[in-house]
Structure formats: C-alpha cells, structure tokens
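Hi,

Here is the structure I promised to pass on. Have a look at it first, and then read my notes below.

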Amino acid sequence: MEYAARMTSTAKAKKKPPVLLRLISLLTPHKVRFALASLCLVFGSLVALAYPQVAKYAIDLGMNEGSVSALNDVLFWLVGIFAMHAVFVWFRHYLMSWLGIRAVADLRNLVFDRILLLPVSWFHDRRSGELVGRLAADVAIIEEVIGSQMSMAVRNVVQLLGGIILLFVVDWRLTLVMLAIIPPFSVGAVYFGAKLRKRSREVQDRLAEASGRVQEAIGAIETVQAFGRERDEARAYRQKVEEAFGSGVKLVQWRASFMASVSVLTYASLAVILLLGGRAVIEGRMSAGDLTAFLIYTGMVASAFATIAGLYGALNKAAGATERLYDVIDTEPAIADPETPVALPAGGGALCFENVVFRYDSRPDDPVLEGVSIDIAPGEVVALVGPSGAGKTTIASLVPRFYDVLSGSVRVEGIDVRELALSELRKALAIVAQEPVLFSGTIAENIAYSDPSLSKAEVEEAARLANAHDFIVGFPDGYATLVGERGVKLSGGQKQRIAIARALVADPRILILDEATSNLDSETEAVVQEALSSLMKSRTTLVIAHRLSTVRDADRICVVENGAVAAQGTHDELMKSSTTYRRLVEHQLVPKARVE
Ligand code: ATP
C-alpha cells in the first residue's frame, strides 16, 4: 500500500487511460496473433456448446428409439466435435500464452528502461528489495491475466451467453426458473469479490515487505552477522511471512465460503430443474434428451458464471498491479534532457558553481547548500574539505546532475549543465567513488564499462596507468578474473585502482574523486595516489579530500562549512588564515600522527 501510494505520488498527475485498455495496448504490436487467438477462443467455446445437443440426440434418437445406427452417427459426430475442439484449444492455449509471455517481456523492458532514467532521489525514497520484489510480483500477476485469465473470461462469457440462448431454445419456461438464481448469485459474487480483493492486496503487501527485508539483510550480511542479529532478522522476516500467511488463510476462507455457496446454489437449482423437468418428461411435454441437454447447459452456465465471478477478483488484482507498474512507466524523470540541448563546446573542463542553493526533496526544510560559489579553471585540482555533513558530496553530485540546483547554476565550459544533453554532460565526467562498485563480470569488462568495444591492449594500458596491471596478472585468470557479487573479493585498494582504470578509459575532461577515508594502508595509498596522479594529469579535478597528501598537492582547497565555501586557498595559506581548516587538519582530515 505504502509502495503504491509513493509510486502514485511521483507519477505525473495527468489523465491516464483505464488500466485494462493499457493492458490490451500491450497486445497491439501482435494484432494478428491476438485476432487468431480470439477466433480460436470464440470458435472453441461455440463448439463446446454443441456437446449437450449431441447428448440430446444420443438419448432421443439412439436410446429412446433403440436405433443403433442413429447412436453410431451421433457418436461419430461427437468424435468429430472432440477433434475440432481439441484443435481450437491447442491454438487458443498456445497463442494466448504466447501473448501473455510476450506482453510481460515487453512490460519488464518498459519498466526497467524507465527505472534507469529516473533520478537518483527516486531510489532514495524506496527500499530496493521491496521495489524489485513488488515489480516481479506485479509482472507475474499480469502474465497470469493476459496468458490465461483474460481468455478464460472471454471463453466463459461466450459459454454463459450461448448457454442461456440455447436454454431458451430448449425450454424457455424452465430457463426463466433457472435464471431466478442469478440475482442472488450476482450479489454474492460482488460481496465476495470485494472481500477477496482486499485480502489479496494484504497478502501482496506483506510479501513485498518480507522480500524488502530479505534483500536488505542479504546486502548487509556482514553487518548482520557481526552484530549477531541473525535471530532478530529471522524473527522480523518470520513475522512478515506469518502476517502474509494469516492474510492468505483469511483469503482462502473467503474463497472457500464463496465456492461452497456457489456449489449449494448450483446443485439446488439443478434439483429444482430435475424436479420440474422430470415432471414435464413424465407428462410428455419434454423429451428425456431435452432435459439432459437442459441440465448440461445449466451446469455449463452455472460454472461459467462462477468462473467469471472468480475472475472478476483476479482482474481487479491485475488492475492494481498494472496501475503500479504504469505509475513507474509514466513517471517523468525530473532530471532529463532539455528540449533543445546546447552542444558542449570544446575545452579543457572549466567548471563553475555560482551561488548554488540546494536542499534535498526529502528534507525541504533542511538547507544543505546556501550559496556555494567555486570557479575551477581547466586542469585545476580543487579539494573540498569540511566537517562531516557540510555538503561536500552534495556539491560533487550536482555536476553530473544527480540532483538539480534550487537556484544559482553549475556550469561546464560556461554552459549551465541543465542546458546540456545528459549523455554529453556525463560523458565529459568520470567519478571515482569512495567505495567503488564493480559489476558482476570480468576485470576487463569492468574497466571497459564506459566503452565495451575497447581492445585488450587499451584496457591493459589503462590498468598499467592505474597501477592495477601487476595485481591483475597475478590472478590465475588475469583480466578474465570474475569480480563483483559472485567473483573474487578484491581489497579496497584493488577496487579503487580498477575504478581509476575505468575512469581513465572514459577519458573525461572533469574528474570527481571521493577519496577513500581510511581503508588503505600507507603503502597501498602511495600506489593508489600514483594511479590517481596519472588519472588527474591534464584534467580538471574536484576531489573530496580526506588525505593530507591530496590537499597539499591540490592547486586550491575550498573549506565547506554551513552550506557555503567559508575559505579558499592553498594548504599553507589556509593553515594561517582559517581556524576551521587548521582544526580539520589536526583532528579530522587525517590522523594527527601523520600531520607532522
Ligand atoms: P561526509 O564528509 O560525512 O561525507 P559531506 O560533507 O559529504 O559529509 P553530504 O553527504 O553532502 O555531506 O551531506 C550534506 C547534508 O545533506 C547532510 O546533512 C546530510 O544528512 C544531507 N543529505 C545527504 N544526502 C541526502 C539525501 N539523499 N537526502 C536527504 N538528505 C541528505
């Protein structure tokens, strides 16, 4: 529920077509198959309606009149109808299931395409596990609807309407009696339908919460184990699963009551028909074959009605799932290309923050940046330092437009980043994060992430410059060594060097570095520093600095405090002029022992 509400809130408030139409629109690229499937569906259902007629003739002509040849003829027809029905069923089933699987594959792609375009802030508002779990569940529900329930609904509607027409043909008086059960049936179906819908939504919500919990615990398994929280995590998970079980049981109870009521009503109506029809047969107003056909049609109509009532709940569930998925698909990325992007002029990577004011959407009353101005010349190395939470990471994340400024501007080569195409802007940048993330794949694939067409020699060249070549060739599989979630575990320094090689390959004009704080020993630090120096050569660099060596080497240091740049200058200048900087150097920037 929470998830649905949050998703809805981000979707643009524009008028949307009804969800069922949107589901059907998924089938428009496959019109021919859909038309064929529908034909098979309708014909198959019509053929099924012929069975009771065959039964009628078998009884009236074959049995009552004692004619073996008539019986043989009827049975011959019966086999023909069986065969025809089987052909229609095969095609209907195959085509409908094909459409279901295809539509769901298209839907998955649509959702993921859109998710990748959404701004970083969208992801901060959501628990990724819950999101992934919910999307998978929603897609599965829709597959079920398109692949089978929609065709079941149409089949049963044909059977219901055709059955009623044929009932009237056989005996209209008896039909009116039989139809008297429909109003109580409908009321019951609507009542039970609403209950079932509510319960099934509850089950879905509990399961989504449970899968969110699983993903979080697995992602942080080391922390969970280190703090000995396995039992607590298991208990929290079990609680959600048990809640889902409880809701599931209630759902089943309602469904069982519904099915039992349907069964009582159906058999009671059959008994009434048998009573009235039996009398009509005895009095010669009706043949035994007609009564048999009538009973079979009644059974067909009742079962069609019950199935449609059941499907009503399922279709509602699918409508909810579709709505949630389309809320994602319809979410207009708040950060997108301008209508007419300005081309990024050639240059050496001039970067300028002018009077930047910013706050996070999730905390609108909490000012983060309040007028930050930094002008960085091409090739200059500027270090950002400041107390924890001062806004250094935030300043850096405005350059690739992970967020947009509230007022003021961020300019690359003199052009406001909001006027550039996102792809062009981001191509001009590379980011080396404090804890770089490597994807599942080989080391070579990770290095060539920005351009998979790179040659082996180019990848190796970048790795050499990043001081990574030696340790990579030390692995038995060299560049083909698998890393990431299912590969070898790399040390912090190794990961950093691969990330530096990855940035080198991207050949950016502007480099954004978030220095690793303390996970490197001094020897590794020297190797990483050397790698960084080759990366920074002739590029503009904005570095969130945590090491004294970095600030000493920087052309300029900006001290960020209270959402603004409190002081700027070289290390020596700031040591004299800024008490904040002195304090930072002594207490936070690096351990005291290494300042001397
Ligand atoms: P550190 O040196 O500890 O990494 P920092 O100077 O890089 O800190 P930021 O990460 O930029 O600081 O954070 C600045 C402020 O913005 C902090 O008060 C932080 O709590 C807040 N903040 C950061 N990210 C978000 C976010 N996604 N949503 C809301 N507030 C955020």
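Helix α4 (residues 51-64) and helix α5 (residues 68-117) have axes that come within 9 Å and cross at roughly 170 degrees. That makes α4 roughly antiparallel to α5 (the word is used for angles over 145 degrees). The axes are lines fitted to C-alpha atoms over the stretch in contact, with angles running from 0 to 180 degrees between N-to-C directions. Helices here are DSSP runs of H or I with at least four residues, strands are E runs of at least two, and both are numbered from the N terminus. On the α4 side the contact (heavy atoms within 4.5 Å) is made by Y51, V54, Y57, A58, L61 and G62, and α5 brings A70, L71, V74, L78, I81, F82 and H85.

Before you go further: this is a predicted model, where local features need pLDDT of at least 70 and side-chain atom pairs count only at pLDDT 80 or more, while totals for chains, interfaces and linings use all residues. Residues are numbered from 1 along each chain as its sequence is written, and side-chain values use heavy atoms, with hydrogens and water left out.

Now the cores. A nonpolar core is a set of buried Ala, Val, Leu, Ile, Met, Phe, Trp, Tyr and Cys residues joined through side-chain atoms within 4.5 Å, and buried means under 20% relative accessible area with a 1.4 Å probe, protein chains only. The largest one has 46 residues, and I447, I500 and L535 have the most contacts inside it. Helix α18 (residues 492-506) gives the largest share of this core, seven residues. The core lies between domain 3 (349-428 + 510-522 + 532-596) and domain 4 (433-507), because both give residues to it; the bounds come from an automatic or database domain assignment. Apart from this core lies another, of 33 residues, including V399, V405, V412 and I544. Back to I500: beyond four places in sequence, I500 touches V432, A466, V528, A531, L532 and L535.

S409 sits in strand β4 (residues 407-412) and counts as buried at 9% relative accessibility. Setting aside residues up to four places away, S409 touches C352, F353, E354, V356, D416 and R418. G441 belongs to strand β7 (residues 441-442) and is buried too, at 11%. From G441 to G484 the C-alpha distance is 6.6 Å, though they are 43 residues apart in sequence.

Cheers

Conventions. Buried means under 20% relative accessible area, exposed over 50%, partly exposed in between (1.4 Å probe, protein chains only). Angles under 35 degrees count as roughly parallel, over 145 as roughly antiparallel, 65 to 115 as roughly perpendicular and the rest as oblique.
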